[in-house]
Amino acid sequence: MPTKTFAKLKASGRFIALTVRPGIINKHLTSAQLNVLARLADEGAVKYSAGHSFIVSVHDEMLDEVMQILTDVELYVVPPTPSAIMKCCDFCDGDELAALPIAKELLREIEQMPLKKRVRIGFNACTLACYNAVQDDLALIYHNGGFDIYGGAVPMGRRASSGELLAKNIPEQYIIECVKKLLVHYNTSNVEKFFRFIKKEKESIQQYLKGD
Ligand code: SF4
């Protein structure tokens, strides 16, 4: 079993865990990226997570330097602040690109939107919905120029469950407005856990997503 886990490092010093990905959509690693991760594994720890990311444990004194090293080789670092975080599928390694323009727009408008807690948004470029988007807090599933939105998954524990369908066939020109409205609604609610918020507010969410 590993001897240098984040928990053990944190108990022995001021370590921070960074979430790192090969890219926002790209899932292939380059040799330069692997070299950087190998060096960081020697200095701290690198673990693969259930959320399709690397968890890189670094000493907080090294944080700025490590962020620079990671971004120099085009690794994507998710900031440790509470915010909206998108997790995209790999667009069939670039063979399914119809949803790419709207995915880029969503990333620009939604990714890292400050929130009271981190909200994971899964984005799938087709209805095969791999990368488990329906197990994320929100799932945006693209097909034929529109989106189905699922929300409120319980990602782990013995009561784990997928998100529920909140809206069907939202035209892509409205999706950013819909997601922003939902996130602002969550942020101003008095419910902390996202799945509890969805459960409590499901009917009103379904109404405004429908445009009522
Ligand atoms: S969700 Fe669809 S487009 Fe995305 S990787 Fe899976 S099969 Fe490809």
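**Helix packing, domains and ligand shell**

1. In this predicted model, α6 and α7 are oblique to each other, and the reason lies in the crossing angle of their axes: α6 and helix α7 (residues 194-210) cross at roughly 135 degrees, with axes that come within 11 Å. An angle would have to be over 145 degrees to count as roughly antiparallel. The crossing of α6 and α7 is right-handed.

2. On the α6 side, the contact with α7 is made by Cys178, Lys181, Leu182, His185 and Tyr186, while α7 contributes Phe194, Phe197, Ile198, Glu201, Ser204, Ile205, Tyr208 and Leu209. Sorted by class, this contact of α6 with α7 has 9 nonpolar, 2 polar and 2 charged residues.

3. Helix α6 (residues 172-188) also packs with helix α5 (residues 100-109), here at an angle of about 25 degrees and with the axes 10 Å apart. Because angles under 35 degrees count as roughly parallel, α5 and α6 are described as roughly parallel to each other, and their crossing is right-handed.

4. In the contact of α5 with α6, Ile102, Glu105, Leu106 and Glu109 of α5 meet Glu172, Ile175, Ile176 and Lys180 of α6. The classes found in this contact are 4 nonpolar and 4 charged residues, with no polar ones; a colleague inspecting side chains may wish to look at the charged residues, among them Glu105 and Lys180.

5. For helix α2 (residues 31-43) and helix α3 (residues 63-72), the axes come within 9 Å and cross at roughly 155 degrees, and α2 and α3 are therefore roughly antiparallel to each other. The crossing of α2 and α3 is left-handed. Val36, Leu37, Arg39 and Leu40 of α2 make the contact with Val66, Ile69 and Leu70 of α3, and the residues involved divide into 6 nonpolar, no polar and 1 charged.

6. The domain assignment of the chain gives domain 1 (6-78) and domain 2 (84-210). The centres of domain 1 and domain 2, taken over C-alpha atoms, are separated by 26 Å, and the contact takes 10 residues from domain 1 and 14 residues from domain 2.

7. Which residues surround the ligand? The shell consists of Cys89, Asp90, Phe91, Cys92, Glu96, Asn124, Ala125, Cys126, Leu128, Ala129 and Cys130. By class, the residues of this shell around the ligand divide into 8 nonpolar, 1 polar and 2 charged, with Cys counted as nonpolar.

Definitions and conventions:
Residues are numbered from 1 along each chain as its sequence is written. This is a predicted model: local features need pLDDT of at least 70, side-chain atom pairs count only at pLDDT 80 or more; totals for chains, interfaces and linings use all residues. Side-chain values use heavy atoms; hydrogens and water are left out. A residue is near a molecule or strand if one of its heavy atoms lies within 4 Å of it. Axes are lines fitted to C-alpha atoms, for helices over the stretch in contact, and angles run from 0 to 180 degrees between N-to-C directions. Helices (H or I, at least four residues) and strands (E, at least two) are DSSP runs, numbered from the N terminus. Angles under 35 degrees count as roughly parallel, over 145 as roughly antiparallel, 65 to 115 as roughly perpendicular and the rest as oblique. A crossing is left-handed if the near helix is turned anticlockwise from the far one by less than a right angle, and right-handed if clockwise. Contact means heavy atoms within 4.5 Å. Domain bounds come from an automatic or database domain assignment.
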